[in-house]
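Dear colleague,

I am handing over the structure below, together with a short account of what was found in it. Please read the notes alongside the coordinates.

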Amino acid sequence: MDEVSGSDHLFVVADNSHYAIYGATNELGGKVIHLNESKIDGLFSYNTRSAVHEFGHTLGLNHPDPKSIGYNSSKDLMVQGGSGGKFTGGDLVKTYGNWKTNKLNKGANSIKTSDGRKIPYPVVQHNGQITTIYKLGYRYKY
Ligand SMILES: [Zn+2]
């Protein structure tokens, strides 16, 4: 893990202690995706959807507004807790716009510890608050 470069995107699989969600992304347009190991039970588990959903957040996509006129959430991958497995045309347009306006690949993907090691960026959003994975009892598995 010492070789985390600034251009990397990280998928971090962590244990379930004190962190009972499927996944999280360090920030919208960010580069670090956390996945809960307890939700991974195989290559095509439910958390495969979470991994791609969280990747959507790194593309700058947010959860859709279910009240949008004519909106059908059944196939939309960006619905939180849903079962849809596709990005919408709007998602692709927004991603392209985010890329054109340099809103992607934001933030650090690691921090340097006091002893000089680089570890994956530990900041997550939990219950609407920005906190660290350490406060949530979240430990990395490499
Ligand atoms: Zn989400």
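Of the 142 residues of the protein chain, which is a predicted model, 24% count as buried. Among the contacts in the protein chain with a separation of 6 or more, 50% are made by residues 24 or more positions apart.

As for secondary structure, the protein chain contains two helices and eight strands, and these follow one another along the sequence in the pattern β-β-β-α-α-β-β-β-β-β.

Helix H2, which covers residues 89–100, has 12 residues and spans 17 Å from its first C-alpha to its last, which is close to the 16 Å expected at 1.5 Å a residue. The number of buried residues among the 12 of H2 is zero, and the helix therefore lies largely in the open.

The residue I would ask you to look at is Asn102, which sits in the loop between helix H2 and strand E4 (110–112). For context, most residues other than glycine have a negative phi.

Is Asn102 buried or exposed? Asn102 counts as exposed because it has 9 C-beta neighbours inside 10 Å, where the cut-off for an exposed residue is 12 or fewer.

With kind regards

Conventions. Residues numbered from 1 in each chain as written. Predicted model: local features only at pLDDT ≥ 70, side-chain atom pairs only at ≥ 80, totals over all residues. Helix = DSSP H or I, 4+ residues; strand = E, 2+ residues; numbered from the N terminus. Buried ≥ 20, exposed ≤ 12 C-beta atoms within 10 Å, placed from the backbone. Contact = placed C-beta atoms within 7 Å. Expected span 1.5 Å × (residues − 1).
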